[in-house]
Amino acid sequence: MRETDLELDDGRGLHVYDTGAGESDGRPVVFWHHGTPNIGAPPEPLFPVSERLGIRWVSYDRPGYGGSTPRPGRDVASAAADVAAVADELGIERFAVMGHSGGAPHALACGALLPDRVLAVVGLAGLAPFGAEGLDWFAGMSDSSLASLGAAAEGRAAKEAREASAEYDPEMFTPADHAALTGEWSWIGDVVGPALKAGHPAALIDDDLAYVAPWGFDPGQVKAPVLLLHGESDRVVPSSHSRWLAGRCPSVELRLVPAAGHISVLAEGADALEWLAERVTS
């Protein structure tokens, strides 16, 4: 995998990852959108199935994470322009998008705002828009998730104060999540640590503020096929969020996984890539 730094027209930089750098073999491309707080390295546990399917991963650190320039006040929709810039730089015309947790809304943004380029969208354990009509947005969240996102809803000052005293809460994860984090998905630790280097949560704060602000697009704008996967035991983002989204996206398949939580739902990632492969190669 090659890592490069792309300078944008506005002077910002994006740190980019590409498992097919320097190749022009026409392999289908999947843009990975990382969770909060992570850096953007694509998901190594899915590399064996992506290699079998001939899929090329491309991704980047969202602004403020890893090697990408901060962009305070960014909204979820801004991901579409960043992805388009990366794709243009790499000579990629059309692609699929896949996101986990906080990455899922950013994947939907690409589907909504790049309709001529995005072939299909996968969202795992993703949020619905804040204030979504008919959805009790906070219902079912763990105490720590409620406190974190509730502080963001109060504004930047409240969110910064919350992060200054926040501690890791193991109760936000289910037993299946903890098993995943010590097993195949221990890779999560490799992308969380660098995202919080030197104890600075600024990018996490920007993410959470974006989730509870207007997203800048309507999920109903996504015309490409969408696959939503969600653990019914998720304590970080309740499955009601994907249920709500499934009622708004025009071409959507919803898969609820009864025993899965926020991390353990990633075990469905291999099946999600199979689903994507059928749509980007047909």
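**Pocket lining**

I looked up which helices line the largest pocket: α4 (143–154), α5 (156–165), α7 (188–195) and α8 (202–211) each supply at least two residues. Helices (H or I, at least four residues) and strands (E, at least two) are DSSP runs, numbered from the N terminus. α4 gives the most, with four residues.

This is a predicted model, so I note the limits: local features need pLDDT of at least 70, side-chain atom pairs count only at pLDDT 80 or more, and totals for chains, interfaces and linings use all residues. Residues are numbered from 1 along each chain as its sequence is written, and side-chain values use heavy atoms, with hydrogens and water left out.

I read off a volume of about 900 Å³ for the largest pocket. Of its 35 lining residues, Thr36, Pro37, Met172, Phe173 and Leu204 are the closest to the centre. A pocket here is an open set of points on a 1 Å grid over the protein atoms alone where a 1.4 Å probe fits, with protein on both sides within 12 Å along at least five of seven lines; lining residues have an atom within 4 Å of a point. The volume is the space filled by probe spheres set on the points, which are joined across faces, edges and corners.

I sorted the lining into 17 nonpolar, 13 polar and five charged residues. Ala, Val, Leu, Ile, Met, Phe, Trp, Tyr, Cys and Pro count as nonpolar, Asp, Glu, Lys and Arg as charged, and the others, Gly among them, as polar.

**Ring pairs**

I searched the whole structure and found eight aromatic pairs. Rings of Phe, Tyr and Trp (its six-membered ring) pair if their centres lie within 6.5 Å; planes under 30 degrees apart are stacked, over 60 edge-to-face, the rest tilted. Phe31 and Phe95 have ring centres 4.8 Å apart and planes at 55°, so this pair is tilted. Phe31 sits in strand β3 (residues 29–33) and Phe95 in strand β5 (residues 95–100), 64 residues apart. Both Phe31 and Phe95 are buried (under 20% relative accessible area; exposed is over 50%, partly exposed in between; 1.4 Å probe, protein chains only).

Phe130 and Phe138 pair edge-to-face, at 5.9 Å centre to centre and 75° between the planes. Phe130 is partly exposed at 33%, and Phe138 is partly exposed at 24%. Ring pairs link Phe130, Trp137 and Phe138 into a cluster.

**Other checks**

I checked helix α3 (residues 103–113): 10 of its 11 residues are buried. Asp271, in helix α10 (residues 269–280), is partly exposed at 43%.
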